[in-house]
Amino acid sequence: MAFARLAEVTTPTARIGLGLAAVGRPGYINLGRERDLPAERTVEAMRERTYEVLDAAYARGVRYLDAARSYGRAEEFLAGWLDRRPEVRDVVVGSKWGYTYVADWRTDVKTHEVKDHGIATYDRQSAESRALLGDRLDLYQVHSVTLGSPALTDPELHARLARLAAEGVTVGLSTSGPAQADAIRAALEVTVDGEPLFRTVQSTYNLLDPSAGAALAEAHEAGRAVIIKEAVANGRLAAPDQLPEALRHIAQETGAGPDAVALAAVLHQPWVSVVLSGAATTAQLDSNLAAAQLTLDEAQRETLATLAETPEDYWHHRAQLPWA
C-alpha cells in the first residue's frame with residue numbers, strides 16, 4: 001500500500017503530518033485566522049504561505065501531507081510545491097473526495113462546501129485529484145463519512161475504490177460527527193472480494209472529544225492505519241482566551257505550548273499512526289512539532305482526560321464556529 005511507505009520514515013516528527021485545510025482556502029473554522037494569515041488572502045498570498053509552511057514542515061522531518069478537494073486550492077498548491085521540489089520523493093501524499101468547495105475564494109458566503117458521496121462526485125473529483133497530483137497521490141480518502149453514507153453501502157462505489165486500490169493508491173476514509181465510532185466500525189466491515197476496502201481511518205480525536213478512541217483502537221488492531229485530525233479542536237486547545245485551566249497548568253509545568261500538550265496527549269495513544277498539525281504559520285508548526293519530544297506522565301494524562309465533553313456538546317459547539 002502506498003500509504004505504508006510512511007512506516008519507513010524514521011524522523012522524530014514522522015508521526016506528525018501536515019494538514020492543509022487552514023492554508024488551502026481563505027475561510028475556515030479555525031480560531032485566530034485573522035491573526036495567523038495575511039490580511040489580503042489572495043490566491044497568490046495563500047499559495048506562498050502554503051509553500052512556506054510546507055518547506056518548514058519538510059525541513060523539520062514531517063513526511064505525511066494531507067489535502068482534500070474541498071480545501072480550496074490545497075491540492076493545486078501541494079502539486080505546485082512538489083513541482084518546485086523535485087528532489088522531495090520521500091513524502092506520502094493523501095487527499096480526500098466527497099466535499100465540493102463552492103465558496104469561490106470568499107469568506108462571506110453561507111455555504112463553503114457541499115457534501116456528496118455519490119459515484120458521479122467520485123468520478124469527477126478523483127479525475128481532478130489525479131490531474132493535479134498524478135502518481136504522487138498515495139492515499140485517497142472518502143471525506144467525512146457518517147452512518148448512511150453511500151461510501152459504506154454502495155457496491156458500485158466500492159468496486160470503483162477497489163480498482164483505485166489495485167492501481168496502487170491506498171483507499172481510506174475520514175469520519176466526523178458525534179457518532180464517529182459507529183461509522184468507523186461499519187467501515188471495518190466493508191470488503192470487496194473478501195478483502196478490506198478501507199485501509200486507513202482519519203478521525204477527529206482530541207482532549208475535548210475522545211469518544212472515537214475505542215473504535216480507533218479496534219481499527220488499529222484490525223490492521224488499519226489511524227490518522228488523527230483536529231487534535232487541537234480547531235484552535236480551542238490553543239487559543240489563549242479559551243484554554244481549559246488544566247491544560248494551561250500542564251503547559252506551564254512542561255514548558256511546552258498548550259497545542260503541543262494537546263498533540264502529545266494524542267501521540268501517547270499506542271494506536272495512533274499519524275496526528276495532523278493544521279498549522280497556518282511556521283511558528284505554529286514549530287510549536288506543534290514540540291509534541292514529538294514531549295512526554296506526559298500518568299497524572300498529567302489523567303488530569304487532561306477530565307476535559308472531555310459529551311460528543312453531542314462538542315460537535316454542537318464545532319458547528320457554531322464561524323468561517324473566518
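**The barrel and its neighbours**

Reply: A closed barrel of eight strands runs β1-β2-β3-β6-β7-β10-β11-β12, with parallel pairing. From one strand to the next, the twist averages 25 degrees. Strands (E, at least two residues) and helices (H or I, at least four) are DSSP runs, numbered from the N terminus. Two strands pair if DSSP finds at least two bridges between them. Axes are lines fitted to C-alpha atoms, for helices over the stretch in contact, and angles run from 0 to 180 degrees between N-to-C directions.

Me: What kind of model is it, and how are residues numbered?

Reply: This is a predicted model: local features need pLDDT of at least 70, side-chain atom pairs count only at pLDDT 80 or more, and totals for chains, interfaces and linings use all residues. Residues are numbered from 1 along each chain as its sequence is written, and side-chain values use heavy atoms, leaving out hydrogens and water.

Me: Which strands are joined to β1, and by how many bridges?

Reply: Three bridges join β1 to β12 (residues 274–277), and the two run parallel. There, I16 stands opposite V275. Two bridges link β1 to β2 (residues 64–66), also parallel. G19 faces D66 in that pair, standing opposite it.

Me: How do I read the two faces of β1?

Reply: In a regular strand the side chains alternate between the two faces of the sheet. In β1 (residues 16–19), I16 and L18 lie on one side, G17 and G19 on the other, and all are buried. Buried means under 20% relative accessible area, exposed over 50%, partly exposed in between (1.4 Å probe, protein chains only).

Me: Which residues touch the most other members of the largest nonpolar core?

Reply: In soluble globular proteins, nonpolar side chains tend to be buried together. A nonpolar core is a set of buried Ala, Val, Leu, Ile, Met, Phe, Trp, Tyr and Cys residues joined through side-chain atoms within 4.5 Å. Here the largest has 99 residues, and L78 and I228 touch the most other members. A second, separate core of eleven residues includes L6, A14, L139 and V274.

Me: What does I228 contact beyond its neighbours within four places in sequence?

Reply: Contact means heavy atoms within 4.5 Å. The partners of I228 include Y205, L216, W271 and V275.

Me: How do α2 and α3 cross?

Reply: The axes of α2 (residues 43–59) and α3 (residues 74–84) come within 10 Å and cross at roughly 55 degrees. Angles under 35 degrees count as roughly parallel, over 145 as roughly antiparallel, 65 to 115 as roughly perpendicular and the rest as oblique. α2 and α3 are therefore oblique to each other. Among the residues that meet are M46, Y51 and L54 in α2, and F77, L78 and W81 in α3.

Me: Why is α3 called largely enclosed?

Reply: Eight of its eleven residues are buried, so the rest of the structure largely encloses α3. Among them are A74, F77, L78 and W81. The buried residues of α3 pack against α2, β2, β3 (92–97) and α4 (119–133).

Me: Is R73 buried, partly exposed or exposed?

Reply: R73 counts as partly exposed, at 35% relative accessibility. R73 sits in the loop between β2 and α3. Leaving out residues up to four places away in sequence, R73 touches G24, V43, R47 and W105.

Me: And is Y99 buried or exposed?

Reply: Y99 is buried, with a relative accessible area of 16%. Y99 lies in β4 (residues 99–101).
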